[in-house]
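This report is written for a reader who has the chain and its coordinates at hand. Please keep both in view while going through the sections below.

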Amino acid sequence: MKELPIIKAVLTDDEQGLKFMSAVESPAIMVQWVKFNNEEPIKMAIQSEEQRIVFAPALIPDLPIYRNMNGKEFYLTFDRQTIEQIALKFAKDNLLNSIDLNHDGIKLNGVQIYQSFVTNEKTVENVKAFETLPVGTWYVGAKVDNEEVWNLIKEEKLNGWSIDGLFEFKLDDTLSDNEIEQMIDDVLNSTKN
């Protein structure tokens with residue numbers, strides 16, 4: 001793994017935060033949707049056409065996400081506190097139906113977020129099918145009535161969530177290279193089940 005600076009995303013004013021939740025083919029957090037049937041979650045399999053529900057993490061605390069902005073490479077992270085702020089502000093700003101495709105900025109019709117929560121020690125510590133992800137992970141579930149979007153999901157052309165918003169960046173030198181590699185390995189291993 002390249003030795004790159006670690007940048008922490010933070011919210012510092014009311015103008016910052018998410019604008020869209022984007023349905024994407026390759027989520028930067030490297031974790032894909034679970035598609036639900038009537039009984040239990042099945043990774044990357046559709047058992048019930050009627051329900052059309054997708055569920056996945058949107059943000060994982062302290063996970064280094066590789067970014068390249070204008071030739072500047074770095075790892076971007078979100079800590080637990082910031083993730084909690086982002087999820088709360090997303091709901092508070094009435095953006096739960098602000099979903100687009102692959103960051104195109106065009107709000108989708110027929111796709112509604114109906115679940116949004118951040119795991120914590122007091123209520124839900126882990127989620128079935130994502131047990132290895134850390135406490136503080138933000139999960140989002142959506143009902144997909146849009147036929148075109150549902151077909152893209154079935155064809156695995158849409159596989160998870162990506163966030164689209166405005167944040168302030170701060171240099172974070174608290175994680176060692178070994179900790180970064182271990183976090184990436186943990187996430188990759190959690191998706192192999």
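## Basis of the model

The model is predicted, with local features needing pLDDT of at least 70 and side-chain atom pairs counting only at pLDDT 80 or more, while totals for chains, interfaces and linings use all residues. Residues are numbered from 1 along each chain as its sequence is written, and side-chain values use heavy atoms, with hydrogens and water left out.

## The largest pocket

The largest pocket holds about 360 Å³ of space. A pocket here is an open set of points on a 1 Å grid over the protein atoms alone, where a 1.4 Å probe fits and protein lies on both sides within 12 Å along at least five of seven lines; lining residues have an atom within 4 Å of a point. The volume is the space filled by probe spheres set on the points, which are joined across faces, edges and corners.

Of the 19 lining residues, Arg67, Leu76, Phe78, Ile163 and Phe167 are the closest to the centre of the pocket. Two or more residues each are given by strands S5 (53-59), S6 (65-69), S7 (72-77) and S11 (160-166), and the largest share, six residues, belongs to S11; strands are DSSP runs (E, at least two residues), as helices are (H or I, at least four), numbered from the N terminus. The lining divides into 14 nonpolar, three polar and two charged residues, where Ala, Val, Leu, Ile, Met, Phe, Trp, Tyr, Cys and Pro count as nonpolar, Asp, Glu, Lys and Arg as charged, and the others, Gly among them, as polar.

## Aromatic pairs

There are nine aromatic pairs, a pair being two rings of Phe, Tyr or Trp (its six-membered ring) with centres within 6.5 Å, called stacked if the planes are under 30 degrees apart, edge-to-face if over 60 and tilted for the rest. One of them joins Phe117 and Tyr139, whose ring centres are 5.5 Å apart with planes at 25°, so this pair is stacked.

Phe117 is partly exposed at 29% relative accessibility, whereas Tyr139 is buried at 1%; buried means under 20% relative accessible area, exposed over 50%, and partly exposed in between (1.4 Å probe, protein chains only). Tyr139 also pairs with Phe130, with centres 5.7 Å apart and planes at 45°, and this pair is therefore tilted. Phe130 is buried too, at 2% relative accessibility, and Phe55, Phe117, Phe130 and Tyr139 form one aromatic cluster.

## Salt bridges

The structure holds seven salt bridges, each defined by a side-chain nitrogen of Lys or Arg within 4 Å of a carboxyl oxygen of Asp or Glu. Lys8 and Asp79 form one of these at 3.5 Å, N to O, linking strand S1 (residues 6-10) to the loop between S7 and helix H1 (80-92) across 71 residues. Lys8 is partly exposed at 22% relative accessibility, while Asp79 is buried at 16%.

Glu121 and Arg80 form another, their closest N and O atoms being 3.0 Å apart. Glu121 lies in the loop between S9 and S10 and Arg80 in helix H1, so this bridge ties together parts that are 41 residues apart in sequence. Glu121 is partly exposed at 48%, as is Arg80 at 36%.
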